[in-house]
Amino acid sequence: MNRKKAAAHAPVAPKRTVLIIDDDKNFCSVLADDFTSMDMDVMVAHSGEEGLKSCSTHKIDIVLLDQKLPGIGGEELCQPILQFNDQTKIIFITAYPSFN
């Protein structure tokens, strides 16, 4: 089998889904554009409640999670997010210098 045929039959990795949970809409838009350009599925939520709803209805691979959110804070969201999919990777993003 030549290389072209082998490449055509190679399994295609599924797209990863990234969920951005941040109340800064401009920041979310920039991140969403970047991840979309990397051929990833991107979802955006502007509150913890919206983020949990997305996690309950979609398989999320990576969550970019703001520490300070209106309503439910970022730290409080980790356990519920992982209850929907314990393989989800959570990355905190914040403008604050510490979690205190």
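**A guided reading of the fold**

Helices (H or I, at least four residues) and strands (E, at least two) are DSSP runs, numbered from the N terminus. The structure is a predicted model, in which local features need pLDDT of at least 70 and side-chain atom pairs count only at pLDDT 80 or more, while totals for chains, interfaces and linings use all residues. Residues are numbered from 1 along each chain as its sequence is written, and side-chain values use heavy atoms, with hydrogens and water left out.

Of the 100 residues of the protein, 35% count as buried; buried means under 20% relative accessible area, with a 1.4 Å probe and protein chains only. Among contacts with a separation of 6 or more, 64% come from residues 24 or more positions apart, a contact being heavy atoms within 4.5 Å.

The packing of two helices may be considered next. Two packed helices are described by the angle between their axes and the distance between the axes. Helix α3 (residues 48-57) and α4 pack at an angle of about 15°, and their axes are 9 Å apart. Axes are lines fitted to C-alpha atoms, for helices over the stretch in contact, and angles run from 0 to 180 degrees between N-to-C directions. The helices α3 and α4 are therefore roughly parallel to each other, a term that covers angles under 35 degrees. On the α3 side, the contact is made by Gly48, Leu52, Cys55 and Ser56, and on the α4 side by Leu77, Pro80, Ile81 and Phe84. By class, this contact has six nonpolar, two polar and no charged residues. Here Ala, Val, Leu, Ile, Met, Phe, Trp, Tyr, Cys and Pro count as nonpolar, Asp, Glu, Lys and Arg as charged, and the others, Gly among them, as polar.

Leu77 lies in helix α4 and is buried, with a relative accessible area of 0%. Leaving aside neighbours within four places in sequence, Leu77 is in contact with Gly48, Leu52, Leu65, Leu69 and Ile72. The C-alpha atoms of Leu77 and Glu49, 28 residues apart along the chain, are separated by 8.9 Å.

Asn85 is placed in the loop between α4 (74-84) and β4 (89-93). Asn85 is also buried, with a relative accessible area of 16%. Its side chain reaches the backbone oxygen of Ile60 at 3.4 Å and the backbone nitrogen of Gln87 at 2.9 Å. Not counting residues up to four places away in sequence, Asn85 touches Lys59 and Ile60.

Definitions and conventions:
Buried < 20%, exposed > 50% of the residue type's maximum accessible area, 1.4 Å probe, protein only. Polar contact = N/O pair within 3.5 Å; in protein donor to acceptor, adjacent residues only side chain to side chain. Parallel < 35°, antiparallel > 145°, perpendicular 65-115°, else oblique.
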